[in-house]
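I opened this notebook to keep track of what I looked up, entry by entry. Each entry below takes up one part of the chain.

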Amino acid sequence: MAFVYLAIRCLCTFLISTTFGYTSSSDIEIKVNPPQDFEIVDPGYLGYLYLQWQPPMSLDNFKECTVEYELKYRNIGSETWTTIITKNLHYKDGFDLNKGIEAKIHTLLPWQCTNGSEVQSSWAEATYWISPQGIPETKVQDMDCVYYNWQYLLCSWKPGIGVLLDTNYNLFYWYEGLDHALQCVDYIKVDGQNIGCRFPYLESSDYKDFYICVNGSSETKPIRSSYFTFQLQNIVKPLPPVCLTCTQESLYEIKLKWSIPLGPIPARCFVYEIEIREDDTTLVTTTVENETYTLKITNETRQLCFVVRSKVNIYCSDDGIWSEWSDKQCWEVEELLKKTLLLFLLPFGFILILVIFVTGLLLCKRDSYPKMNFSVIDEDFPYQETWY
């Protein structure tokens, strides 16, 4: 009887649930929509773009949940995606505008709000392209930028292939801290054509992405723009070391020493390369972190020359450019040996002179003593003998 009652109750519950649409919370499939209005915005910073979106629709049932977004983006053609998890409705990063950009985003609901499993929406996608003008060969060639002594930035380039003499190029740059992109005001010119730019003092520009665009104009055909991104501390070319000296440590050891290059770069940021030549035949190159290097020589060495150059080390940059070589310094090893022998002989000579002087002084003092008069009287002899 109890079994029949239970079966009737379950049947009634099923009919009521079916009729009025009631279901168990564990049987409900939780879904969430992707973000709305996902787009890539170019604010005119030459590659620094904004990715922005709006919350998904129908979040009323998840007001107590912390909604997150998984964002993926890359330059078109790249094999890897950059992935970001964020609670914000925007994200900023730098891109190579020579290529297109693609991005996608979806909504994430944490397991606390979804019966123990994370819920993801479908993807929302966006792309961005700079409409290219002109053929690729018309853009500048061999772009080269050097940050001299961590003080002065200079960029140079060659005109595009096949462009006419009426073609001219203009450089624009931007880094975080500037309100807008700036144009070069001090161009390097050859035959009236811009082939480079001398930059003014760049305040607070280190350890930031530095964006450059070089575009062009011509009356005959459109010119393709070029975009470049780098960080200034990675293209520093310091001055060469100065004040090279040599100190004799022992008969067969020479200490090479120099001073850090002039300028604002701190001593802890340098690495050095030494090039040593013995007797114009043996060439040795070594890298050191300090401003000294001890070199061993042999009896057969007759001449020693060395030069040093500097670069910003891995503790202050990811990369760098070697300075020019310092002035060459040479020493005749025979002269060094003579100096060494002289260094060792001088103390012995001084001691010898001192011994001779003291000996002579003692002899002089002995000769200055008064003579003693000794008389011997013998009773057997009638005369007296005196000894001096």
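**Entry 1: the salt bridge at E253**

I began with E253, which counts as partly exposed at 23% relative accessibility. I noted at once that the model is a predicted one. The side chain of E253 meets that of K296 in a salt bridge, with 2.5 Å from N to O. Because K296 lies in strand β22 (residues 292–296) and E253 in strand β19 (residues 253–259), the pair ties together parts that are 43 residues apart in sequence. K296 itself has a relative accessibility of 57% and therefore counts as exposed, the cut-off being over 50%.

**Entry 2: the other salt bridges I followed**

I then asked myself how many salt bridges the structure holds. The count is 7, and I followed up two further pairs.

The side chains of E273 and R309 form a salt bridge at 2.6 Å, N to O. I placed E273 in strand β20 (residues 270–278) and R309 in strand β23 (residues 303–312), so that this pair links distant parts of the chain, 36 residues apart.

D186 and R198 form another salt bridge, in which the closest N and O atoms are 3.4 Å apart. This pair, too, links distant parts of the chain, with D186 in the loop between β12 and β13, R198 in strand β14, and 12 residues separating them. I recorded D186 as partly exposed at a relative accessible area of 33%, and R198 as partly exposed at 40% relative accessibility.

**Entry 3: the strands around β14**

Which residue of β14 is the bridge partner of C155? I found that C155 has C197 as its partner.

**Entry 4**

I next traced an open sheet of 4 strands, in the order β12-β11-β15-β16, with antiparallel pairing. Its edge strands are β12 and β16 (226–231), each of which pairs on one side only. Within the sheet, β11 and strand β15 (residues 209–217) pair over 8 bridges, and I saw that W174 stands opposite Y211 in β15.

From there I moved to E176, whose place is in the loop between β11 (168–175) and β12 (182–183). E176 is partly exposed, at a relative accessible area of 48%.

**Entry 4: N75**

I looked up N75 in strand β3 (residues 68–75). N75 has a relative accessibility of 16% and counts as buried because the cut-off is under 20%. Leaving aside residues up to four places away in sequence, I listed its contacts as F95, D96, K99, G100 and I101.

**Entry 5: a nonpolar patch**

On the surface I noted a nonpolar patch formed by F350, I351, L354, V355, V358 and L362, which together have about 580 Å² of accessible area. I picked out I351, which has its place in helix α2 (residues 333–367) and counts as partly exposed at 48% relative accessibility.

**Entry 6: totals for the protein**

The secondary structure comes to 2 helices and 26 strands, and 32% of the 388 residues count as buried. Of the contacts with a separation of 6 or more, 60% are accounted for by residues 24 or more positions apart. The accessible surface comes to about 25,000 Å², and 55% of that surface belongs to carbon and sulfur atoms.

Key
Residues are numbered from 1 along each chain as its sequence is written. This is a predicted model: local features need pLDDT of at least 70, side-chain atom pairs count only at pLDDT 80 or more; totals for chains, interfaces and linings use all residues. Side-chain values use heavy atoms; hydrogens and water are left out. Two strands pair if DSSP finds at least two bridges between them. Buried means under 20% relative accessible area, exposed over 50%, partly exposed in between (1.4 Å probe, protein chains only). Contact means heavy atoms within 4.5 Å. Accessible areas come from the Shrake-Rupley method with a 1.4 Å probe; for residues, only the protein chains shown count as cover. Patches are made of residues with over 30% relative accessible area and no salt bridge: like charges are joined within 9 Å, nonpolar side chains (Val, Leu, Ile, Met, Phe, Trp, Tyr) within 5 Å. A salt bridge is a side-chain nitrogen of Lys or Arg within 4 Å of a carboxyl oxygen of Asp or Glu.
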